[in-house]
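Dear colleague,

I am handing over the structure below, and my notes on it follow. Please read them with the model open beside you.

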Amino acid sequence: MTNTRVLVTGATGKIGGAVAAQLLEKGVPTRALVHRDDGRSARLRAKGAEVVIADIFDIQQVAAAVDGVDRLFFNPPWHPHALDSAVAFAVAARRSGVEAVVALGQWLASPEHPSLMTRHAWLTDKLFELLPDTAHVAVDPGYFADGYLNLVPMAAQLGVLPVPTGGGRNAPPSNEDIARVAVGALLDPNRHDGRAYRPTGPTLLTGAEIADAIGEALGRRVRHIDIPPRMFMKALRVNGKRLGFDQFFQSGMRHYGPEYALGTWEVGGPTTHVRDVAGVEPEDFLTIARRYVGGPESRRTAGNFMRQVWNMMLIGVTPMHRLDRFDRLQQHPQPAHPRFSSQSAIWRHEHAPVDPSDGRYGVIQTHPASLSQQVG
């Protein structure tokens, strides 16, 4: 493996950065593809990564970045043209003879989903499956722990965790465990070829149990509030710039709240995929939360308290983005009969048990010849 070079896209992001760091810790030659040269890319370079600056939508720059690598970790952007980037990397991988592609996707991935991001995730999986002589492994996490822990400053100051769960449960994985599964697949792609893995935490948790864990990490009581999805989307608009969530991301995210209430995150969970692929036990939510509570915004100060009160007031008076209008103006395609994942026969088939005897669940990879029959 020491002579194998791996290209990591999105290498300054939370998942891509963790993948690159873990590969470098194992002594694997790693090429980190980044959008700009900044402090984050400098830190990767200091760890021993070969840093390449490229536009992931430019086929010539993508081809140059892929040239000379043996394996690829494809981390798609939150972007309306993410599928264009996937096609560029598939073409470059085919031309360069890349031996394996490990692609980050979504547990919700379905051709019928109302979210364009989620339909793109499904198409990206199918695209990389079509590459001949190239091993393909999908890493399809559900709702990340990071999504809840973005609210740590509010929980620290106000003692509340406002997340719409609709009474459903989730086993949220850490960024690091998602990366561990990806790295495990990159280290031994032939063993994992054709498989899709869903890393999860070790336990299905209710919203109240997630709030309790955050409260324990903070050293104060935190109460879960099952807010309406519309209020959650207003909060995303208020905090979107700080969190890096643009209107396109919010347009997709609004369709994930109903999946919670439908129990989609509970299907097949928790999995053993972190242990199966990475050889370690998945991190529990409290362990993950403790890494998020040390920031300056978590300190119980008058200034931080007032900022969170002001933030709550803004959420109350801020209208939700007109996301249907945004989709029309951006000419986002829509399926003829959109369905949430758990309501889709295609999704239910692809997420059936792989081996019911040992409780392992994952996506059943579909042979391209049968794809038209499923979609039709």
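Ala 138 stands opposite Ala 196 in strand 8, where helices (H or I, at least four residues) and strands (E, at least two) are DSSP runs numbered from the N terminus. This is a predicted model, in which local features need pLDDT of at least 70 and side-chain atom pairs count only at pLDDT 80 or more, whereas totals for chains, interfaces and linings use all residues. Residues are numbered from 1 along each chain as its sequence is written, and side-chain values use heavy atoms, with hydrogens and water left out.

Strand 6 (residues 135-139) and strand 8 (residues 196-197) run parallel and are joined by two bridges; strands are taken to pair if DSSP finds at least two bridges between them. Strand 5 (residues 100-104) also runs parallel to strand 6, with five bridges between them, and in this pairing Leu 104 stands opposite Val 139. Together with helix 5 (residues 116-129), strands 5 and 6 make a right-handed β-α-β unit, right-handed meaning that, with the strands pointing away from the viewer, the path from the first strand over the helix to the second runs clockwise.

Five of the five residues of strand 6 are buried, that is, under 20% relative accessible area, with exposed meaning over 50% and partly exposed in between (1.4 Å probe, protein chains only). Both faces of this strand are covered, with Ala 135, Val 137 and Val 139 on one side and His 136 and Ala 138 on the other.

**Salt bridges**

The structure holds 18 salt bridges, each defined as a side-chain nitrogen of Lys or Arg within 4 Å of a carboxyl oxygen of Asp or Glu. In one of them, Glu 112 pairs with Arg 339, the closest N and O atoms being 2.6 Å apart. Glu 112 lies in the loop between strand 5 and helix 5, and Arg 339 in the loop between helix 17 (323-329) and helix 18 (345-350), so the pair ties together parts that are 227 residues apart in sequence. Glu 112 is buried, at 16% relative accessible area, while Arg 339 is partly exposed at 33%.

Glu 350 and Lys 126 also meet in a salt bridge, at 3.1 Å from N to O. Because Glu 350 lies in helix 18 and Lys 126 in helix 5, this pair ties together parts that are 224 residues apart in sequence. Glu 350 is buried at 2% relative accessible area, and Lys 126 is buried at 9%.

A salt-bridge network links Glu 176, Asp 177, Arg 180, Glu 283 and Arg 291.

Leaving aside neighbours within four places in sequence, Leu 149 is in contact with Ile 214, Phe 285, Ile 288, Ala 289 and Tyr 292, contact meaning heavy atoms within 4.5 Å.

With best wishes
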